Amino acid sequence: MKTWQVVLPLLIVCLVVVFYHGLYGNPSYIPPVIINTPAPDFAAPELYEGKEMRLSDHKGKVVVLNFWASWCRECALEHSSLLEVNRRYENDPQFVMIGVNYQDKENLAKEYLEKHGNNFKHVRDYAGKVSIDYGIYGVPETFVIDKEGMIRHKSIGPIIGESYTHLIDKVIEPLLRGETLKG
Amino acid sequence: MILEIGHFAVITALVLAVVGMITPWVGLQTKNGAWVAVGRQAVTLNFFLISIGMLAMVYSYVTHDYSVKYVFSTSNSKLPIFYKVAGLWGGHEGSLLGWAWILSLFCALAVWIHWRTQPAVMPYLISIESTLLTGFLLLILFLSNPFERTLFIPPDGKDLNPLLQDPAMVIHPPMLYLGYVGLSIPYSFAMAALFSGRLSEEWIKVTQRWTLFAWLALTTGILMGGYWAYYELGWGGYWGWDPVENASFMPWLIATAFLHSVMVQETRKMFMVWNLFLIILAFSLSLIGTFLVRSGVLSSVHSFANDPGRGIFILAFLTFMLCLSFGMLIFRSSKLKSKVEMESFLSREAIFLYNNLFFMIAFIIVFIGTLYPLFMEVMKFQKVSVGPPYYNAVFMPVAWGLILLMGIGPYIPWRKSSVASLKGIVTLPFFVAFCSLPLFYLVGIQDIYALLALSITLFTLTAIVRDYSALAKMWAERDGVSLSRGLARAFRQNPRKSAGMLTHLGVLVMTVGIVFSTLFQTEKIQVIKPGETLALNNYQVKLVELYPVTGVNWSGYEGLFEVYDKNKRLVTVLRPQKRLYEVSQTPTTEAAIHQIYTGHIFLTLPEVTPDASSARLRALHNPLVMWVWYGGGIMGLGVLMNIFRGFIFGPSRNKGVTTPAVVVPIPDNAEIVT
């Protein structure tokens with residue numbers, strides 16, 4: 001018996017087992033991170049300075065957490081909106097915006113920010129841990145966390161047009177005023 | 001009523017498929033050819049029966065019969081007739097019926113063509129193809145029935161997904177099915193060889209055209225899908241490493257490896273087990289692709305409805321086919337000792353071996369990338385997704401390796417070569433490639449990946465040009481004609497070699513297209529108001545006005561843009577749209593494209609304010625992007641020439657002509673494959 005004659009059936013068995021279990025998994029993965037649950041804390045290196053940043057460092061602030069990558073086209077589309085959001089609130093001590101760079105190369109991420117402009121901090125999600133904790137389905141995704149550290153809003157896809165005005169008027173503004181969100 | 005006739009025809013086809021599966025075996029056991037003939041009738045009839053089923057569905061589409069669930073969910077009375085018919089393969093159930101129809105067509109054709117010449121193969125071919133058809137018909141009739149009606153008759157259909165309302169998208173899926181199903185014929189021949197124990201090279205020679213045809217269809221399908229994604233999805237790229245794209249790419253990679261390695265078996269009687277393995281793998285991957293796409297185990301933009309019941313059935317069927325095929329291969333492989341051992345690692349067969357190795361690595365890269373997320377989930381590890389950076393980083397070196405081999409393989413002799421001969425083959429191409437580097441650098445190509453890719457491409461191009469110029473010269477001298485006629489003769493006298501060369505040229509053209517359109521793409525995104533301009537490389541894109549527009553089944557906004565070159569001359573006027581399809585309430589962005597040389601100015605409007613006072617504009621300059629599809633076209637021409645070389649050039653054009661004994665530059669690489 002040659003090695004391949006043993007390995008091949010084993011591979012087929014493994015494949016079938018994986019496929020079988022896959023059928024009972026949830027393929028489209030509705031992430032466990034749901035609105036109105038505590039935001040998972042994370043510790044990740046800052047993109048430029050490399051020092052560790054934690055979500056809990058920003059307790060008491062409204063945090064906008066944006067997951068992006070340099071290879072993601074939709075991210076480039078929303079980038080100017082993100083800059084606009086931060087420009088609007090950067091002087092408010094109760095507001096902070098953090099970008100989470102997802103599955104990316106450091107130099108490419110920096111090139112991307114150079115090209116599209118940057119006015120807020122970013123952390124690198126090396127092992128994809130932060131993204132997994134937040135149940136990221138794809139990029140871009142944006143979360144808004146209130147002053148108590150609860151996730152109050154999640155949006156999938158680029159923040160442009162209506163989702164931009166919604167984010168400002170219906171999410172960030174009320175949260176900064178300490179109101180609870182409607183709906 | 002018509003629909004019920006179609007439904008009944010397909011049910012009958014299932015019965016006949018079972019007949020076709022069993023009777024040839026009875027014939028083999030009882031040594032009675034009449035049983036095999038029954039199988040033949042069954043597969044021929046099946047084609048007509050399933051055709052009736054298809055026509056009945058088309059009839060329901062054309063007559064707006066929305067009491068049929070599937071027609072209701074994939075059509076609408078406002079749709080143009082072209083897309084009404086295309087709705088048939090716009091969803092899961094109908095496209096499966098399409099699969100089964102193509103399978104029955106190919107099976108009937110293969111039996112018709114090979115009945116007299118391959119009598120020993122026929123019982124196995126009929127039985128195996130009927131087994132496949134049985135599996136698909138069971139799935140269609142019991143778990144994904146497109147003929148199902150509802151009690152309540154809706155006034156109008158839900159509409160075909162607007163993204164699919166596009167000519168390229170109408171042809172893309174059937175092309176892929178032709179490719180997938182086309183692979184089933186060489187697969188069945190291989191299985192027949194395994195079952196019957198007639199394991200000579202015959203099955204490879206007989207199925208060569210089938211394999212080439214399947215490959216051509218698969219390539220066309222993939223390229224059309226890319227083209228559709230490019231101008232319809234509006235992100236300006238054509239390949240996203242999406243799991244479903246990968247599902248079609250994996251059998252393509254293996255089929256390509258197979259097309260190369262069969263040449264070694266034909267010429268040197270080597271790689272026998274390997275070739276059987278490759279074709280079984282290629283077809284199995286078509287089935288695995290079907291499973292991945294239709295069971296919903298992987299999340300992808302190409303989502304079909306997720307139904308574990310269907311998934312279980314396809315998985316059970318897939319497992320059965322995998323066990324049967326690979327089991328037979330393992331069982332028979334002891335019989336299959338290559339008659340010839342490899343003599344040297346510097347020989348054409350060795351280059352084919354490296355070629356296959358690279359294709360296998362490429363396949364494994366894509367396979368792991370596609371299944372890794374699923375594997376991690378099953379093992380209760382974390383949920384992950386594999387992004388384009390993984391593929392781009394790992395795939396690129398493999399692609400380079402393959403292109404490099406293209407510049408060596410066809411020119412190195414079979415059996416044994418020497419280092420000196422290899423030097424003779426690579427010196428000039430290497431010299432040209434190396435000297436081109438500073439030139440490329442000086443004209444502004446400074447990206448290291450681009451430089452490498454382009455110089456490797458140039459290496460292979462030089463090898464091809466040198467080979468054909470030498471051949472042209474030789475034929476010109478021999479027959480006393482001009483060089484161009486000599487070239488024409490060189491081309492004609494060895495059609496198979498020339499067809500291969502043409503296909504390789506296509507690959508080179510495509511490589512240049514991919515390199516330029518990805519590494520040198522310029523992208524600008526800006527909120528723009530009428531009257532404002534955006535600078536895009538040497539061009540100025542000016543928004544003249546924004547206005548509402550309506551179509552037959554959609555409404556939206558259109559931007560009128562003027563594009564100026566650096567001399568402020570008007571180059572073109574472009575009108576990208578932001579549409580909303582009314583019935584399904586699906587928004588789409590319609591790109592506006594202007595071709596400059598072989599590159600594109602590509603505009604989309606991802607967002608327009610409701611009062612049409614401003615819009616977000618995404619402007620792309622994609623240099624040489626059309627080379628990707630031109631290259632594909634040249635590859636297709638090469639394969640067509642290979643398939644029809646007998647018709648085009650006559651079966652033995654070089655009768656009475658002595659095949660040239662020497663091909664420059666090295667006397668001992670004179671082998672010309674015929």
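**Notes on the core, a strand and a helix pair**

1. The largest nonpolar core has 154 residues, and Phe19(A) and Leu137(B) have the most contacts inside it. Such a core is a set of buried Ala, Val, Leu, Ile, Met, Phe, Trp, Tyr and Cys residues joined through side-chain atoms within 4.5 Å; buried means under 20% relative accessible area (1.4 Å probe, protein chains only). Helix α9 (residues 202-232) of chain B gives the most to this core, with 16 residues.

2. A word on the basis: this is a predicted model, where local features need pLDDT of at least 70 and side-chain atom pairs count only at pLDDT 80 or more, while totals for chains, interfaces and linings use all residues. Residues are numbered from 1 along each chain, chains are lettered from A, and side-chain values use heavy atoms, without hydrogens and water.

3. Now to strand β4 (residues 554-564) of chain B: eight of its 11 residues are buried, so the rest of the structure largely encloses it. Helices (H or I, at least four residues) and strands (E, at least two) are DSSP runs, numbered from the N terminus.

4. β4(B) has several partners; strands pair if DSSP finds at least two bridges between them. With strand β3 (residues 539-550) of chain B the pairing is antiparallel over 10 bridges, and the two form a hairpin with three residues between them. Five bridges join β4(B) to strand β6 (residues 577-581) of chain B, also in the antiparallel sense, with Ser555(B) opposite Leu580(B).

5. Do have a look at helices α7 (residues 167-182) and α8 (residues 184-196) of chain B, whose axes (lines fitted to C-alpha atoms over the stretch in contact, with angles from 0 to 180 degrees between N-to-C directions) come within 5 Å and cross at roughly 5°.

Terms used
Buried means under 20% relative accessible area, exposed over 50%, partly exposed in between (1.4 Å probe, protein chains only).
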